[in-house]
Amino acid sequence: MVIVAAVDRSERAAEIVDQAQRLAAAFDDTIHVVHVLSESEFVSLERTSVDKTGTALDMDRVRGVAADVADEAISTDDSKTKAVGLVGDPTDRIVGYADEHDARYIVVASRKRSPAGKVLFGSVAQSVLLNAGRPVVVC
């Protein structure tokens with residue numbers, strides 16, 4: 001089976017991958033490290049490309065940029081770990097990808113919050129937790 005490790009550009013990405021690696025080792029699963037380029041990030045990339053080259057970005061290239069972010073979180077050269085780049089709403093794409101690949105777990109991180117804010121996770125982590133039809137591990 002697959003463990004989906006959903007990462008962003010924060011310092012928590014390594015922790016997410018590390019937790020996914022522990023789970024994968026316990027179950028002899030593969031890891032798909034997923035980064036979702038949000039719509040606003042896509043628009044910014046697209047605008048930069050058009051300004052610099054006069055042409056729009058190819059969607060494969062955009063997914064490649066997102067996969068590069070996922071790849072940066074991977075600290076080992078392991079054939080059982082794959083970097084995946086997606087574009088769209090992070091919650092929908094993470095949960096959808098996990099469903100498509102029948103993931104055993106989804107691993108996410110919550111944002112650091114004030115004591116009062118700790119009642120809620122980060123918006124993406126909370127949404128994944130509430131919408132996923134499979135176990136979610138929150139770091």
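Valine 108 is in contact (heavy atoms within 4.5 Å) with Ala6, Ile16, Ala125, Val128, Val136, Val137, Val138 and Cys139, leaving aside its neighbours within four places in sequence. The structure is a predicted model, in which local features need pLDDT of at least 70 and side-chain atom pairs count only at pLDDT 80 or more, while totals for chains, interfaces and linings use all residues. Residues are numbered from 1 along each chain as its sequence is written, and side-chain values use heavy atoms, with hydrogens and water left out.

**The nonpolar cores**

Val108 is also among the residues with the most contacts inside the largest nonpolar core, together with Val4, Val34, Ile106 and Val128. A nonpolar core is a set of buried Ala, Val, Leu, Ile, Met, Phe, Trp, Tyr and Cys residues joined through side-chain atoms within 4.5 Å. Here, buried means under 20% relative accessible area and exposed means over 50%, with partly exposed in between (1.4 Å probe, protein chains only). This core has 18 residues. The elements that give two or more residues to it are β1, β2, β3 (81-87), α4 (90-100), β4 and α5 (123-131). Helix α4 supplies the largest share, four residues. A second, separate core has 17 residues, including Leu23, Val33, Ala70 and Ala109.

**The overall arrangement**

The protein has five helices and five strands. Helices (H or I, at least four residues) and strands (E, at least two) are DSSP runs, numbered from the N terminus. From the N terminus on, the order of the elements is β-α-β-α-α-β-α-β-α-β. Of the 139 residues of the protein, 41% count as buried. Among contacts between residues at least 6 apart in sequence, 70% join residues at least 24 apart.

Helix α1 (residues 13-27) has 15 residues. The buried residues of α1 are Ala13, Ile16, Val17, Gln19, Ala20, Leu23 and Ala24. They lie on the same side of α1, because they cover an arc of only 160 degrees around the axis; the arc is that of the directions from the helix axis to the C-beta atoms. An α-helix has 3.6 residues a turn, so residues three or four places apart point the same way. The buried residues of α1 pack against β1 (2-6), β2 (30-37), β4 (105-108) and β5 (136-138). The face turned away from the buried side carries the exposed residues Ala25 and Ala26. Just after α1, aspartate 28 takes a positive phi of about 55 degrees.

Strands β1 and β2 run parallel and are joined by five bridges; two strands pair if DSSP finds at least two bridges between them. Isoleucine 3 stands opposite isoleucine 31 in β2. Seven of the eight residues of β2 are buried.

**Two contrasting residues**

Leucine 86 lies in strand β3, whereas glycine 133 lies in the loop between α5 and β5. Leucine 86 is buried, and glycine 133 counts as exposed. Leaving aside its neighbours within four places in sequence, leucine 86 is in contact with Val34, His35, Val36, Leu37, Ala66, Arg93 and Tyr97.

Technical notes:
Expected span 1.5 Å × (residues − 1).
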